[in-house]
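My notebook is open, and I am writing down each thing as I look it up. Here is the structure first.

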Amino acid sequence: MMPKVEVDTDHLMEDLARMYDSGSEMIVSEVFGNAVDISATQLDVTLGIDSRGKYVKFVNNGPPMNNADFVNYNTLARSSKKFGEGLGWAGIGAKLYLGIWQDSKIITTSSDGFTTTATELYFKKKQLFWDYIPSSEKFYGTSYKAYLTNEDYAVLEKDIEEIIKKLFNSAMLCGMVVTVDGKTIKPWTPKTIKTIDCVLAIGKTNLPYKVLITDTDIPSSRCNVEYHVSGKCIVIKKPKNILSNVKSEFKKKFYVIVDAKCISDQLKTNKHNFKPGIFTTAVEPGIEKELYRILKELNYLDDPTKTKTLHNKFSKIMQQLLKKNFPEMNLISFLGTNGGGAGKQLGKGTTISRASNTSTRQKPSQKSRNPRKPRKQGGFSFTTTVKPSDNRQGWIDVPTNQIVINLGHRVAGPPLKTRDGRHYHTLRIIASQVGKYVSRNGKISVEEAFDRVDNIFDDMSGADIYDFKAPQTSDAILGEMNENE
Amino acid sequence: MNSSIENKIPISISWIQHKDGKLEPEVNLGMDDFVEFDGSIVDAIVKVKNDYQLLLKKAERLKIATKTKDSRKIWRLCKVLSEFNEQLESNFIIQDSVETFSKDIRMSIRYIRNCIDFVNHFSYYDVSKKVPFTYYNVVTDFASGLKRLKLLKKEKQFLKKCGETNSLPNRQQYRNRLRKMTQFDKKIKSVSVMMIESDKKIGEIK
């Protein structure tokens, strides 16, 4: 006879429990999820202490379990639920707390108001056991009682309301009544001035979503798009690709609730996010695209010309600060200001006149008639390279007289992902390279160069680049800064 | 992200010598465009750099094709040059591309301009293998005048037929022929201007 593969149950449970960040959040998430999956409309949570220890008890009013259900329920990795039809499918969630603390006991009781069945699940000598236990409780539904560690009990005692609101706010908004120690929890309800119901079609799948326009700021933790499955918040995402276009006063005044039940087959096992795939390639971009359209209609987006002014503000201020702090430098030669550097570099040994560009050959009338003419590169410019093997983050290329920024350097990765990061990264490299160049030429000391670079950073942070209320022109900002000085 | 030509980010190409001694074309772009770029700027820069290096390789073939005088082959390579900035999948546009190509391919600005005009005025099927590229250059020099007179299409057919029947006129003769045709256009124009002016004067006297 072939030897049977044995399962190291306690080790398996421990490993599975590691999917979760904390035991307290896991227990709320899993038990609440089970209640939602069986369409319970009420859930009462009680925290208490008895002779066996500290516990949390959840009682839902969903359909009660029969004996066969109990056998399935107490079998590891067996579930009556189907994958992709709701939150649960793995058949491990309710037992998982035993993987966190093996001294715990999980008592599940189900009653139809007349007959009651109860079981206890526990670890003994590193083996998982379950037994029927007597119970005199009479109610309609199912209760789940788990004995907790002191730490998890303390966390739940303090934060259970917040955890429930964070994870199951949508379920409560949809009518689920939740009480904690007899006190009804009020869901977080944004003060909406407008609600827009829409459907996002992805292939044959339709994702319903709601856009709530609020008149007060929504909390930062809820900004801005919540994806939920059966009322459980899976993840809250900021629409980062469009947020920079939203007027600052409206950035926290819209909230989107996406019912992602039809893509629940894309859930990660811990149900705290979706797997990379259709969610990242179609759902998230699709929602952002729709949201962009809606916000544009509501006039919540920045005027592109105003945004452009704001964009130019950074390089203009930087240019002026560099000029102010390094008057010894001819910045135009390094940073190609006033018209960029197109065609001015030396090729493979050939030189040409920079003046011979297309614009000088065209008559003004022809220029204005040509709608396909691309815009000109203006302001500061620099040369980029992607050389992971080069340990320099930036340098001044002497033959071309240009600042080169190495975007392939290993420290360049994270800053390049955000706009602020790019600002900081370019400012740091350009300022330090200019400082290095000036000090190398003996015009100032190295110490002086470092001080001036620090000054540039200090002045930039005081410039408040993203404040719309601040003066829009760089001259005005610099004037204001000088006044403050 | 696809971009229309007006929305593309203007860049220029700089040749930078790296630590390993290799001279490589690198992308020079404005700080504001760099900061505001939507998506992975590194991927976009790597792509445009690779595309440009590929273009330079193809341009080397253009040089060889110029020596073989196969106009159809030249046309295909010129097409690559002319369309580089118009690639839909690219976010960038090379500013002053003619000058940039001229330096990096080491061909004159006039030649590059002729190559691009050649593709703009002639389709692949207008071009005959038996007609040297220089004849097409002559036509492109007069193309705007011929277009105004609606003679460009006829001229293309004439050139193709001459090539096929080995009866191409001498290049100078051909240039003179086109000059005469377009001068006629200028004369007509000057006559019409004179007529309008005389009409105006008559109107004023009345």
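Below are my entries on strands, helices, charges and backbone angles.

**Ground rules.** I am working with a predicted model, where local features need pLDDT of at least 70, side-chain atom pairs count only at pLDDT 80 or more, and totals for chains, interfaces and linings use all residues. Residues are numbered from 1 along each chain as its sequence is written, chains are lettered from A and ligands numbered from 1 in the order in which they are written, and side-chain values use heavy atoms, with hydrogens and water left out.

I looked up strands S9 (residues 192-202) and S10 (residues 205-214) of chain A, which pair in the antiparallel sense over 10 bridges. Strands (E, at least two residues) and helices (H or I, at least four) are DSSP runs, numbered from the N terminus, and two strands pair if DSSP finds at least two bridges between them. I found A:Pro208 of S10(A) as the bridge partner of A:Val199. The two strands make a hairpin with 2 residues between them, and A:Gly203 in the turn has a positive phi of about 60 degrees.

Most residues other than glycine have a negative phi, and most peptide bonds are trans. A:Lys126 sits in the loop between S4 and strand S5 (127-132) of chain A. I also noted a cis peptide bond between A:Cys223 and A:Asn224, with omega about -5 degrees. A:Asn224 is in the loop between S10 and strand S11 (225-229) of chain A.

**A salt bridge.** I counted a salt bridge when a side-chain nitrogen of Lys or Arg is within 4 Å of a carboxyl oxygen of Asp or Glu. The structure holds 25 of them over all chains. In one of them, A:Glu120 meets A:Arg52, with the closest N and O atoms 2.7 Å apart. This pair links distant parts of the chain, 68 residues apart: A:Glu120 is in strand S4 (residues 116-124) and A:Arg52 in the loop between strands S1 (42-50) and S2 (53-60) of chain A.

**Helix H2 of chain B.** How far apart are the end C-alpha atoms of helix H2 (residues 41-68) of chain B? They are 41 Å apart, which agrees with the 40 Å that its 28 residues should span at 1.5 Å a residue (the expected span is 1.5 Å times one less than the number of residues). After H2(B) comes B:Lys69, with a positive phi near 65 degrees.
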